[in-house]
Amino acid sequence: MHELLKLKESYILAQAMGLKSVMATVVAIEGSSYRRPGVRMLLFENNTMVGAVSGGCVENEILKQSQSVFLDNKAKIMVYDGRYRLGCEGVLYILLEPFSPDAAVWQALNYVEQQRQSLEIESFYTKTAGNHSGLGSVFHFEGNKFSFFNIQLDQSLPSYTQLLKPRFHLIIIGSEHDAVQLCHFAFLTGWEVTIVASAKDYKTEANFPGATQVVHLSAEEISSLSIDTDTAVVLMTHSYVNDLKFLIELKNMQPAYLGLLGPVKRRNQLLNEFFEYTESFNEGLLDVAFGPSGISIGAETPQEIAISIIAEILSVIRKEEPMSLKYKNSAIHS
């Protein structure tokens, strides 16, 4: 979802400049590739582009191929054989199509984003290079359809449907320097980030680059935030008492991940007092509680610790055991 939102911002800026846009979508692959089907990039008629569908080898060729789409306003399929160029042993099938959705699309997308809902994009394609009638993509928003551009799609063609889930949400309870670093790296990962600071802390979004919002809440008010199974919570107030208060107030919630900053001794003490002061709680919360938060990579600086925590969150939500890829005998992506 976060990549689509970035493309949306770039498209709106290009439209204000009077520039035409072409969307490139990887709709199928054979063999291995740097990215998987569903990855997109936007190209503009001033020979600029936003996003990438590979590690950088394919993009210039896509820009060349897009010129005919700007000229005739017709979608086409580009086939890129990277077996002898990319070193990835893969063939990419890329749909290039004019991109000019109306304002209703962005209104629907804004609503979906605010409500943390999913959406689907369906792309009709063929594996034969060149122009073909009926090629193109369509947004699906809760039963409503919006095409990428005004054309009749051929629904008898093969199609690739991508489910775009809401941006992953990270709630950082704490506002010290290490929270700033964790916020920054989470933003770069494409996550939505909420900073929970105390009522006496006057920091704002300006102090946390990339934060979606900074809220000033007590532990008793944490339930006012939406915490779903696409949300991670990291307790890092640097106050044992405050961490315990927030942990107790989270007792009936079920985030995807709960991180407890600090050493093992502090974690054990937190959990012991949590059991003592809490008569009943959601046992699933403890299944996703990780303390000390992060994977073991020898992290020392706030930046390295942030990378360690984000890596652990990813491993939890993707159900992957952290390991060096050199020791993985199967494919990188399942």
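Which residues are buried in helix H5 (residues 240-249)? The legends below take up this helix first. The model is predicted.

**View 1. Helix H5 and its buried residues.** Tyr240, Asp243, Leu244, Phe246, Leu247 and Ile248 are buried in this helix. In general, an α-helix has 3.6 residues a turn, so residues three or four places apart point the same way.

**View 2. An open sheet of four strands.** The strand order is S9-S8-S6-S10. Pairing is antiparallel. Strand S9 (144-147) and strand S10 (159-164) form the edges, and each pairs on one side only. On average, neighbouring strands of this sheet are turned by 20 degrees against each other, direction ignored. Helix H3 (residues 103-114) packs on the sheet. H3 touches S6, S8 (136-141) and S9. The direction of H3 makes about 45 degrees with that of S8.

**View 3. Strand S6 beside S10.** Strand S6 covers residues 119-124. S6 and S10 pair in the antiparallel sense over six bridges. Glu122 lies in S6. Thr161 is the bridge partner of Glu122 in S10.

View 4. Two polar contacts are shown here. The Glu122 side chain makes one with the side chain of His140, at 3.0 Å. The Glu122 side chain makes another with the side chain of Ser159, at 3.3 Å. Leaving out residues up to four places away in sequence, Glu122 touches Gly136, Ser137, Val138, His140, Ser159, Tyr160 and Thr161.

**View 5. Asn73 in the loop between helix H2 and strand S4.** Helix H2 spans 59-72, and strand S4 spans 76-81. Why does Asn73 count as partly exposed? Asn73 counts as partly exposed because its relative accessibility is 44%, and that class runs between the 20% limit for buried and the 50% limit for exposed. Asn73 touches Ser68, Pro98 and Phe149, not counting residues up to four places away in sequence. Ile172 lies 99 residues from Asn73 in sequence. In space, Asn73 and Ile172 are 46 Å apart, C-alpha to C-alpha.

Note on methods:
Residues are numbered from 1 along each chain as its sequence is written. This is a predicted model: local features need pLDDT of at least 70, side-chain atom pairs count only at pLDDT 80 or more; totals for chains, interfaces and linings use all residues. Side-chain values use heavy atoms; hydrogens and water are left out. Two strands pair if DSSP finds at least two bridges between them. Helices (H or I, at least four residues) and strands (E, at least two) are DSSP runs, numbered from the N terminus. Axes are lines fitted to C-alpha atoms, for helices over the stretch in contact, and angles run from 0 to 180 degrees between N-to-C directions. Contact means heavy atoms within 4.5 Å. A polar contact is a pair of N or O atoms within 3.5 Å; within protein, one must be able to donate a hydrogen and the other to accept it, and residues adjacent in sequence count only if both atoms are side-chain atoms. Buried means under 20% relative accessible area, exposed over 50%, partly exposed in between (1.4 Å probe, protein chains only).
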